[in-house]
Amino acid sequence: MKTLPAATLMALFCLYSGCAQKSGNDYVVTIHTPHGKMVAILFDDTPKHKQNFIKLAREKFYDSLLFHRVIEGFMIQGGDPTSRKAKPGENLGNGGPGYTIDAEFTPAHFHERGVLAAARLGDQVNPTKASSGSQFYIVQGRKFSNEELAQLEQGINYQRKNNALREILFMPEYTALRETVIKKQQEGDANWLNSFFEQSDTLITKVKKDFRRFTFSDAQKQAYTTVGGAPHLDGEYTVFGKVISGMDVIDKIAAVLKDPSDRPVVDVPMTITVEEMPKSKIEKLYGYTFKN
């Protein structure tokens with residue numbers, strides 16, 4: 001009896017069992033700076049952000065733009081096209097390509113050290129949390145204790161509850177309740193207001209069916225207590241990539257001298273290149289493991 005080659009047997013097994021293979025190509029993004037280069041991959045499950053970033057990089061949109069906002073222990077931000085010819089001390093951060101990108105939140109990606117995420121305008125003018133078309137940041141962050149994460153959870157839930165309650169009170173059908181709240185605020189009745197806030201969970205879950213309490217996952221807790229990051233940004237900004245080589249460059253840029261607006265005193269320009277290569281080669285070169 002003729003024996004099938006091992007590779008053929010594996011292919012047949014995968015065909016019938018549905019096992020995933022790390023095959024095909026992906027893109028390696030290299031961000032060149034005066035302080036060294038950072039190599040990153042972009043996530044498949046944030047396709048709009050991935051495709052847009054690759055498109056802009058290939059068009060050389062990012063070339064000679066600055067990392068215009070740098071906060072040590074937090075992140076480094078760039079991608080504002082008005083930074084290309086900015087004068088020293090000029091205020092930056094409001095430029096873009098003229099469009100935004102729909103938010104692409106996924107629990108698998110959070111603000112651990114080294115991730116790429118999209119900057120955006122604030123909730124008051126951007127309630128859908130749509131991303132800037134070009135501005136991005138790379139997280140440096142710091143390590144957190146379990147106690148600090150618990151406090152952050154409490155603060156995030158307080159803010160989310162407060163925002164949800166505010167939205168409800170401005171619905172036409174809750175005009176009478178809103179007027180009562182305003183009256184109690186004018187009277188300075190803190191006891192009533194605190195009691196109302198504490199007991200408002202039933203109202204919120206009744207009106208806003210998608211409202212959920214925020215809780216850090218085990219993966220988030222593991223990352224934030226060992227690698228570090230910026231956990232307070234989770235669920236607020238789209239994370240779409242990760243630096244897989246050159247983490248030290250993030251630290252070097254984060255440590256430069258800044259002006260009062262967090263802009264580096266000595267400009268930190270970037271050039272971004274994109275190379276398509278087999279996933280197996282990316283894993284071998286950079287030690288990054290693609291998920292099945």
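Accessible areas here come from the Shrake-Rupley method with a 1.4 Å probe. With that in hand, let's start. This is a predicted model. The accessible surface of the chain comes to about 16,500 Å². Carbon and sulfur atoms hold 53% of that surface.

Now the overall layout. The chain has 292 residues, and 43% of them are buried. Its C-alpha trace spans about 85 × 65 × 35 Å along the principal axes. There are 9 helices and 10 strands. Take the contacts with a separation of 6 or more: 75% of them join residues 24 or more positions apart.

Next, the inside. Which residues have the most contacts inside the largest nonpolar core? They are Met38, Phe67, Phe136 and Ile138, in a core of 28 residues. Several elements give two or more residues to this core, including strands β1 (25-33), β2 (36-42) and β3 (67-71), and helices α2 (47-58) and α8 (247-254). As background, nonpolar side chains in soluble globular proteins tend to be buried together.

Let's zoom in on one residue. Threonine 46 sits in the loop between β2 and α2. Is threonine 46 buried or exposed? It counts as buried, because its relative accessibility is 0%, and the cut-off for buried is under 20%. What does threonine 46 touch, leaving aside neighbours within four places in sequence? Its contacts are Glu104, Thr238, Val239 and Phe240.

Last, charges. The chain carries 37 positive and 34 negative charges. Their mean positions are 4 Å apart.

Key. Residues are numbered from 1 along each chain as its sequence is written. This is a predicted model: local features need pLDDT of at least 70, side-chain atom pairs count only at pLDDT 80 or more; totals for chains, interfaces and linings use all residues. Side-chain values use heavy atoms; hydrogens and water are left out. A nonpolar core is a set of buried Ala, Val, Leu, Ile, Met, Phe, Trp, Tyr and Cys residues joined through side-chain atoms within 4.5 Å. Buried means under 20% relative accessible area, exposed over 50%, partly exposed in between (1.4 Å probe, protein chains only). Helices (H or I, at least four residues) and strands (E, at least two) are DSSP runs, numbered from the N terminus. Contact means heavy atoms within 4.5 Å. Lys and Arg count as positive and Asp and Glu as negative; His and the chain ends are not counted. The place of a charge is taken as NZ of Lys, CZ of Arg, CG of Asp or CD of Glu.
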